[in-house]
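Subject: Structure handover

Hello,

Here is the structure I said I would pass on. My notes follow it; please read them with the structure open.

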Amino acid sequence: MALEIRQFPCLQDNYGFLVRCSETGEVAVIDTPEAEVILEEAQTLGWPISAIWNTHHHWDHAGGNAAIAKATGAQIIAPRAEQATIGHVDQPVSPGDTVMLGDERAQVIDVGGHTLGHVAYWFEDAGVAFVGDSLFALGCGRMFEGTPEQMQAGLARLRNLPPETVIYCAHEYTQANARFALSIDPDNQALQSYARRVDALRADDQPTIPTVLAAECEANPFLRWDDEGLRARLGLQTASDAQVFAELRRRKDTF
């Protein structure tokens, strides 16, 4: 694969991602949760960082921008809708834009809802997407700024990617997400199997990220708003997709 990815823990439960075009050697860091750890990892790998790609403005995603840019001269690429909040953005991007990392092309996808301007970066040829806090393994981000309609539409855009797409989300929340998912969808055999794998990985202190979109579509309730069985359990057989999503998010918020 022409795209090399290094994942490593940051802060309490974040992941950092360094992405390298193997053809050109160009390196980007996807979000900046912990500048010192990211810089150390890049130095250990011998991967000089030339760009920062932010998914959204929250401090555990953009808080290391200034330190990394100062240390490396990296250019900051970030959502146009959040550039004022993030600050010092060199290349603002909007949904539908493409961003190049060496020879590798990523499409900017609107996944607003967690924050209004949240974006994901999809490398179609490499078959990977960096989704920040929009979609999690067996979960999704809290809806801090957007509406259910907006966030469900963003998740639908991710759901429409090829099923084999590898999803890199930003937090290790999967075990807790599995407990909620099982409470909502207890008879889902794919979910039961997924939850057992998650427990085994975490018992061995292994990451559950990345995940694969096909597995999320089978097991993640936040991508299953149109599943008849799930709708029936919620008593929302005739509700809109966004209404089903909103009820799922409400229940998760108080779980």
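Helices (H or I, at least four residues) and strands (E, at least two) are DSSP runs, numbered from the N terminus. On that numbering, Asp227 sits in the loop between helix 8 (213–219) and helix 9.

This is a predicted model, in which local features need pLDDT of at least 70, side-chain atom pairs count only at pLDDT 80 or more, and totals for chains, interfaces and linings use all residues. Residues are numbered from 1 along each chain as its sequence is written, and side-chain values use heavy atoms, with hydrogens and water left out.

Helix packing

Two packed helices are described by the angle between their axes and the distance between the axes. Axes here are lines fitted to C-alpha atoms, for helices over the stretch in contact, and angles run from 0 to 180 degrees between N-to-C directions. Angles under 35 degrees count as roughly parallel, over 145 as roughly antiparallel, 65 to 115 as roughly perpendicular and the rest as oblique. Contact means heavy atoms within 4.5 Å. For residue classes, Ala, Val, Leu, Ile, Met, Phe, Trp, Tyr, Cys and Pro count as nonpolar, Asp, Glu, Lys and Arg as charged, and the others, Gly among them, as polar.

Helix 6 (residues 174–184) packs on helix 7 (residues 189–203) at an angle of about 155°, and their axes are 10 Å apart. That angle makes helix 6 roughly antiparallel to helix 7. Their crossing is left-handed (the near helix is turned anticlockwise from the far one by less than a right angle; right-handed if clockwise). Helix 6 contributes Thr174, Gln175, Ala178, Ala181 and Leu182 to the contact, and helix 7 contributes Leu191, Gln192, Tyr194, Ala195, Val198, Asp199 and Arg202. By class, this contact of helix 6 with helix 7 has seven nonpolar, three polar and two charged residues.

Helix 6 also packs on helix 10, at an angle of about 125° and with the axes 11 Å apart. Helix 6 and helix 10 are therefore oblique to each other, and their crossing is right-handed. Here Asn177, Phe180 and Ile184 of helix 6 meet Leu248, Arg251 and Lys252 of helix 10. The residues in this contact of helix 6 with helix 10 are three nonpolar, one polar and two charged.

A further partner of helix 10 is helix 5, with an angle of about 100° between them and axes 9 Å apart. That makes helix 5 roughly perpendicular to helix 10. Pro148, Glu149, Met151, Gln152 and Leu155 in helix 5 meet Asp241, Ala242, Phe245 and Ala246 in helix 10. In the contact of helix 5 with helix 10, six residues are nonpolar, one is polar and two are charged.

Helix 10 itself

Helix 10 (residues 241–253) has 13 residues and reaches 18 Å from its first C-alpha to its last, close to the 18 Å expected at 1.5 Å a residue (the expected span is 1.5 Å times one less than the number of residues). Its buried residues are Ala242, Val244, Phe245, Glu247, Leu248, Arg249 and Lys252. Buried means under 20% relative accessible area, exposed over 50%, and partly exposed in between (1.4 Å probe, protein chains only). What do the buried residues of helix 10 pack against? They pack against strand 12 (139–140), helix 5 (148–159), helix 6 and helix 9 (228–234).

Backbone points to check by eye

Most residues other than glycine have a negative phi, and most peptide bonds are trans. Leu138, in the loop between strand 11 (135–136) and strand 12, has phi near 65° and counts as buried at 0% relative accessibility. Asp205, in the loop between helix 7 and strand 14, has phi near 60° and is exposed, with a relative accessible area of 61%. A cis peptide bond, with omega about 5°, joins Ile209 and Pro210. Pro210 lies in the loop between helix 7 and strand 14 (211–212).

Individual positions

Asp187, in the loop between helix 6 and helix 7, is exposed at 65% relative accessible area. Gly229 belongs to helix 9 and is partly exposed at 41%; its C-alpha is separated by 9.6 Å from that of Asn188, 41 residues apart along the chain. Asp227 is partly exposed, with a relative accessible area of 24%.

Regards
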